[in-house]
Amino acid sequence: LSTRGNRHARPRIGIMGGTFDPIHNGHLVAASEVAWVYDLDEVIFVPTGRPVFKLDKKVTNAEDRYLMTVIATASNPKFTVSRVDIDRPGITYTIDTLRDIRAQHPDAELFFITGADAVAEIMQWKDAEHMWDLAHFVAVTRPGYSSPAGVKLPEGKVDTLEIPALAISSTDVRRRAEHGEPVWYLVPDGVVQYIGKHGLYR
Ligand code: ATP
Ligand code: MG
């Protein structure tokens with residue numbers, strides 16, 4: 001018997017964390033696929049504040065990344081954007097993201113969505129052992145990154161989901177924008193226009 005369509009006992013909420021510098025269609029397909037397969041009621045996109053694994057890199061200011069995320073997700077009724085990470089001072093740790101979203105949605109079942117590359121970092125995350133109690137973890141396939149053989153993930157805690165392959169990265173979008181190359185169809189139209197209007201990545 002199908003349980004699709006809001007007949008779960010608890011609301012099912014996905015959390016898509018990322019730097020989103022800028023958000024691109026790879027992020028959106030990942031969230032959409034997990035929402036479909038896991039029958040989620042909502043996916044909350046959470047732009048990071050200061051990403052812990054990018055401390056040595058230049059990151060676009062949080063308001064621009066937040067606004068591009070809002071623009072990119074606006075047309076999907078299941079997609080929302082949260083400011084919890086950009087409003088929390090200091091380095092962003094996923095354990096804090098999960099605790100904040102949990103506090104806002106006490107009765108929800110949470111699904112944290114990552115790509116195959118980010119899941120390799122999971123075990124180094126602060127308080128990793130407490131994260132499993134707060135959410136299910138879904139690692140989606142990503143072109144160029146194989147499932148991390150060297151990384152031991154706790155038994156039964158992280159699902160792997162194959163999704164349509166989009167070989168898009170924010171790094172490549174930034175490089176293209178810097179050189180005046182096209183980013184159309186890699187990011188949503190509104191994000192192309194936001195990048196141009198505000199002269200990002202030049
Ligand atoms: P950067 O190149 O700046 O690191 P990115 O494209 O990796 O940017 P992030 O904001 O770092 O984007 O990623 C947020 C999340 O989305 C991560 O869990 C990442 O693995 C996942 N992700 C990013 N791009 C893809 C893609 N093309 N397919 C599947 N998952 C992706
Ligand atoms: Mg990345």
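Which residues of β1 are buried on one side, and which on the other? Here are my notes as I went through the model.

1. Ground rules. This is a predicted model, so local features need pLDDT of at least 70 and side-chain atom pairs count only at pLDDT 80 or more, while totals for chains, interfaces and linings use all residues. Residues are numbered from 1 along each chain as its sequence is written, and chains are lettered from A and ligands numbered from 1 in the order in which they are written.

2. Back to that question. On one side of β1 you'll find Arg12, Gly14, Met16 and Gly18, on the other Ile13, Ile15 and Gly17, and all are buried (20 or more other C-beta atoms within 10 Å of a residue's own; 12 or fewer is exposed, in between is partly exposed, and C-beta atoms are placed from the backbone). In a regular strand, side chains alternate between the two faces of the sheet. β1 covers residues 12-18; strands here are DSSP runs of E with at least two residues, helices are runs of H or I with at least four, and numbering starts at the N terminus.

3. Who sits beside β1? Strand β6 (residues 109-115) pairs with β1 in the parallel sense over 5 bridges, and β2 (residues 42-47) does so over 6 bridges; to pair, two strands need at least two DSSP bridges. Arg12 stands opposite Glu109 in β6, and Gly18 faces Pro47 in β2.

4. Follow the chain through α1. Together, β1, helix α1 (residues 25-37) and β2 form a right-handed β-α-β unit: with the strands pointing away from you, the path from the first strand over the helix to the second runs clockwise. The 13 residues of α1 should span 18 Å at 1.5 Å a residue, and its end C-alpha atoms are 18 Å apart, so the two agree (the expected span is 1.5 Å times one less than the number of residues).

5. Have a look at the loop between β1 and α1. Pro22 is in it, joined to Asp21 by a cis peptide bond with omega about 0°. Phe20 lies in that loop too, and its phi is positive, near 50°. Phe20 counts as buried because it has 24 C-beta neighbours inside 10 Å.

6. Finally, ligand 1. Of the 18 residues around it, Gly18, Gly26, Gly115, Ser170 and Thr171 come nearest (to be near, a residue's C-beta atom, placed from the backbone, lies within 6 Å). α1 gives the most to this shell, with 3 residues.
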